[in-house]
Amino acid sequence: MQTRTDEPAHRAVEAVARESYGRLVALLAARTRDVAGAEDALADALVAALTTWPRDGIPKNPQGWLLTAARNRLLDHARHQQVHELSTPTLKLMTREFDETADPDRWPDERLKLLFVCAHPAIDPNIHTPLMLQTVLGLDAVAIGRALLVAPKTIGQRLVRAKTKIRQARIAFEIPTADQIPERLEAVLNAIYAAYGNSWEDASGAGQRITELGQEAIWLARVLREQIPNDPEVRGLLALMLYCEARRPARRGAGGRFVPLSEQDPKDWRMPMIEEAEGELTSAFQMQRPGRYQIEAAIQSVHAERAHTGRTDAAAIAAFYDQLMQLAPSIGGAVARAAAHAEVRGPEAGLTLLDQIDSQAVISYQPYWAVRAHFLRQLGRPDAAADAYDRAIGLSDDPAVRTFLTEHRNSLTPQ
Amino acid sequence: MLYALLIYETPDDFARRDSRVESDAYAGAWRAYHRALLDAGIFVGGKPLDAPETATTVRLRESKTEIQDGPYSNTKEQLGGFTLLELPSLDAALEWAARCPAAAYGVVEVRPIAVEMEPRVTVANSN
């Protein structure tokens, strides 16, 4: 435990690490392409700060201090190791670049390059999200494992492998050219959204794990939007996550009870966040290049309108889901589309749409069974509904959702 | 790959099994989970264990058999059951462990079966 007097200095180290980790790693690794080496150097610098700052005071320019300290480690290390991949001209260039970048306000923002490196097609897509979380945000393997439900040791090994690949395959730290951007950007957006939690739009998947990374994912999307303001999908993703985040306080009722969207009180929604989302989505639509994230955001925007109008335009939501399924078909989208159409045309229509989904694909897909149970209940088929509820309950990993479904199951009236 | 989910529960959880009010919810959640394992085609085996008070431990020390009342470990959470699952990866096992009702109130330990050890410690079925 730290002594009391150390606290401001420790908090300062923590704050600058939190704010600038990705920027610093990106700056350090831009030339060497050695993400792991950059992280090690930065870790050393942070440790040095923890001992130096409480003693000598917090430097005026904490980021500059850390960058200088980490840079010196990196250069020392490179010289010691006589790293083959790193030529003398590169070392000289690095030194010069570092000297020119003592003022953090004049640093180029290299985080964008780092995001594209993390989601490079040469790297296993499964590791895109963890790699971003670690190198841009500085999360450790334990936190990443907890949020993505993967063993920390496994995550650690995969991260090491990915970083080795970046260095050995010499994946360039650069922003893709205009013609590469759409393809490459999609991977970046998907990785950010995966960090947020894909299951959010699902009818009942309330996963607690989502909450852990919500803020970080939104932060990454903001970085991206600052850097690529003219891409509508970037804004669409940011809007989508803001809409969902705005509803977070309303998702749990008294005693941690799960509250489905249709029963949420809009008074519990965070309106400034919704307004920000509206602004992002409007600018996105003005670019007239529709995409998956814009449509998903549009669906959330219709839900958000209930705060003003008191009602939900179910037909608009159903139409957006039709569009979404044509553009980016998925099991989650198909289930949500069935739920949306049932709101307009009744449970029978919803059930017909559910039956069209490949039954093999939904065996272990919780939202399918929750939605199916809901339809069967409305259709007055309690036995079949009970069966579907059981399957949904057995597949839930959120105790609040499990309780919610169990209560619904137990309140079925026998025929 | 075979994975064992070892389910640890607290004394309160064991008590819930017998409580008339709570046992329905407890059993219902477990029945639903078991059903999901069967539907997914991954269930290989598993059983619930009776309460730790019913346990008896055996040791052979210096040619003397020591019999002791109660479970081996002294921890608050006690082994309450186990499940054996056939799954492609540890990630999949963790996903199923998270869905296990005990994950919400007790602890679920995921352990891979020792594949290299197994042929050395087992014999082929003679019939």
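Where in chain B is the place of B:Ser63?

Reply: B:Ser63 belongs to the loop between β3 and β4 of chain B. Helices and strands here are DSSP runs numbered from the N terminus, a helix (H or I) having at least four residues and a strand (E) at least two. This is a predicted model, in which local features need pLDDT of at least 70 and side-chain atom pairs count only at pLDDT 80 or more, while totals for chains, interfaces and linings use all residues. Residues are numbered from 1 along each chain as its sequence is written, and chains are lettered from A, and ligands numbered from 1, in the order in which they are written.

B:Ser63 is not a glycine, yet its phi is positive, at about 65°. B:Glu62, likewise not a glycine, has a positive phi of about 50°. For comparison, most residues other than glycine have a negative phi. B:Glu62 also lies in the loop between β3 (56-61) and β4 (64-69) of chain B.

The surroundings of the two residues can be described by counting C-beta atoms, which are placed from the backbone: a residue is buried if 20 or more others lie within 10 Å of its own, exposed if 12 or fewer, and partly exposed in between. B:Ser63 counts as exposed because 5 other C-beta atoms are within 10 Å. B:Glu62 is exposed because it has 5 C-beta neighbours inside 10 Å.

As for confidence, pLDDT is the predictor's confidence in each residue, from 0 to 100. Chain B has a mean pLDDT of 90, and 98% of its residues reach 70 or more. The model as a whole scores ipTM 0.74 and pTM 0.79.

Two residues are in contact if their C-beta atoms, placed from the backbone, lie within 7 Å. By this criterion, 16 residues of chain B are in contact with 16 residues of chain A. On the side of chain B that touches chain A, the elements giving two or more residues are α2 (20-39) and α3 (90-99) of chain B. The largest share of that side, 8 residues, comes from α2(B). Its residues divide into 10 nonpolar, 1 polar and 5 charged, where Ala, Val, Leu, Ile, Met, Phe, Trp, Tyr, Cys and Pro count as nonpolar, Asp, Glu, Lys and Arg as charged, and the others, Gly among them, as polar.
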